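Here is a friendly walk through the aromatic contacts of one protein model. Have your viewer ready and follow along.

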Amino acid sequence: MVRKLKNLFAAIRGVLILRNLLAVLCAAALIAVTVKAVRIEAKIGQVRQADAYYEQRRLIPAEAAYAAALSDTVVRYREGHIRERLAGLVPVTRLREELLKTKSEMLTASENGDFEAFLLAYETYDGFDRLSSEGEFAAEYRELNERYELTATAASGFADFRASFEQALASNLENESYADESAKWKLLQIPAAFFANADSGTLSASEGQNAADFESVKTEKLNALLQDYDRRKLKKLAAAGRYADMLNEAESTIAAYGQRGFEAPWVPDQAEKTADTVLRKDLDAEAYPAFAAHAREFADFAAQTGPGSGLVSWIEARVDGLMNRARSLVADNRFEEAIALYKALSGYSDTAEEIAQAENAWTEAEPLRILRAADPSHTYSLAISGKNRFGADLYTAALDENGTLYFGTKDGSGTSVFTGPQMLTGLDVLRLDIEESLSTESSPVILAESESASRRAVYTALQLRDSSFVQMFQIDADGYAIENGGRTLRADRPADAEEDGQTAVYERYGDVFVFDMFEGGTLEIGGENPAGHAGRKVRTLLTVVESGSGQALALAADGSDILLRGGFDFEPGTYAVTGTFRGEYARIAVDDPAASGGSALPPESPTNAETGGTDFPEGGEAAEDPSAAVPNPGPDTAEDLPGDSGAGEAPEDPAASESPAAPNDSAVPNTPAYRSVPVFEVDAVAPGA
């Protein structure tokens, strides 16, 4: 029973499922037929509508209707007809696609701030616009352009970019940073139409404006904007002391404008005005190095940026004036000032030649500069100098504070300095000179005269040979003489002589004088009268017969008289006397000493002692002797004196010089007779043998 029921239910369920399935399938078929009928009707309607548009030359909606019908692949209705019509409407399709693509690109670039991409999209659109604005589908293009608002999109984008570029330039001025000026060049790239119609946001071609009008408006607006920017920029650079940067910026700006075919006359104009202000301030402050540098920079700028500048002519006139001033300073021997001015002006032009000429003139006026230039750390003294000798145009010699000898020369190839270290160490040098008798055309001999403890000077001769000094001689004497063509040297009274009055003889071997012998000294003459050895130091044996303070009358071995003078107190007696007869004579009385006041010696007056003038016996009156006015009578004047017997020699016989006796002794007073005797200057006295 149960099994039967199960079979019954199964049979019923099977019947019901099959029926439902058939019902569902029928319903689905009905729906499908209905939908397809609707789609067929719709496609037929689309095609008919497209045909109607096409017939009406409404090609844009016709192209859209045909494209929609073709996209319906469920129903195939006049597919060949649709494709044929769409093939004829390909230009319209392309117009629509290009405009939509361009608009999308411009919107994306504007949102991203990508000016280059925006400009590229616009240029594509603009080129497409020029191609499509005329021809068979011009009306369709204009309709699509208006529908998609391409012009408004471009105008809005360019306006936004223009505002951002102007803000970027303003930020440059505010921050005084001009490394990035791309905003200027991007502004130049914005099409002129968007400057002419920036306020309206639409192009004005429809209003009859042409491209020339657009360019005129663009140029006017950009000139105002960029001129303000460039002038302010150059002024700020100069005010910050960045003069060179100002000119470099001006030059690069002019070049950048030129590369883009844009004229900017305000840039060189502002650069010249700013430079003029700076240059005049330099001159007013006498800041000549700065003036020269700034002038050179502007002259180079002017040469690079264009012909002729009034400021360049002004600069050249000022520089010429300063050069003339420097020449005048040289003429006034104000060499340091002149050279400083020449060096200052070297920033504008090459003044090396003028500096060299001024240096040469200064060195000629002050040859010691040769030494100072080589070593300015020393102080030089006792300088000597000369020109055109020893193979040089100029030479000088001097000692430094350490007593080191320096010798410097200057010629066309430059200067040379030679030193003689330690050669004059320990000497108190009084003067330097060139020893002419030993110097040659190429080799100078420097003579140093130093202080001597016992003689006139210490003489040191140094010869410069092969860049070093050689000591030719060093003598301590009262003087010296070079003889025998520079081969022999005679030193007068050398300090190392064996006895006073000797002469030291030196002979030259190579470049050095070597001692040879002593000459002269004290001559032993026995008891001779020293008058026979005039000018020679002698030692003689004399007998003092009468003495006074500082002088004495003595007799030589032959009985001849001689007057002794010197700082000695003589007593009568025989002495070995050393001294010199120098050709001087004195007059002494020849009669009885009582008749001449008790002494035959000349008066011991200061006049006689100091001048060797006319001597009178004590008690005589100068006014009474006709010879009183004749000073220091000697043998050459004896013939003119009363009582003298001959001309040129002292009388041998005292009686020969006596005056004739007076006829009446009571009527005429005794007048003493005189005779001349040689004066022997005594250096030393020793008791006689």
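The count comes to 29 aromatic pairs, where rings of Phe, Tyr and Trp (its six-membered ring) pair if their centres lie within 6.5 Å, and planes under 30 degrees apart count as stacked, over 60 as edge-to-face and the rest as tilted. Two of these pairs are set out here.

| Pair | Centre to centre | Angle of planes | Class |
|---|---|---|---|
| Phe 115 and Phe 161 | 5.3 Å | 75° | edge-to-face |
| Phe 291 and Trp 314 | 6.4 Å | 75° | edge-to-face |

Phe 115 lies in helix α5 (residues 115–132) and Phe 161 in helix α7 (residues 150–175), so their pair ties together parts 46 residues apart in sequence. Helices here are DSSP runs of H or I with at least four residues, strands are runs of E with at least two, and both are numbered from the N terminus. Phe 115 is buried at 1% relative accessible area, and Phe 161 is buried at 6%; buried means under 20%, exposed over 50%, and partly exposed in between (1.4 Å probe, protein chains only).

Phe 291 in helix α13 (residues 288–305) and Trp 314 in helix α14 (residues 310–331) are 23 residues apart. Phe 291 is buried at 0%, and Trp 314 is buried at 16%.

The model is predicted: local features need pLDDT of at least 70, side-chain atom pairs count only at pLDDT 80 or more, and totals for chains, interfaces and linings use all residues. Residues are numbered from 1 along each chain as its sequence is written, and side-chain values use heavy atoms, with hydrogens and water left out.
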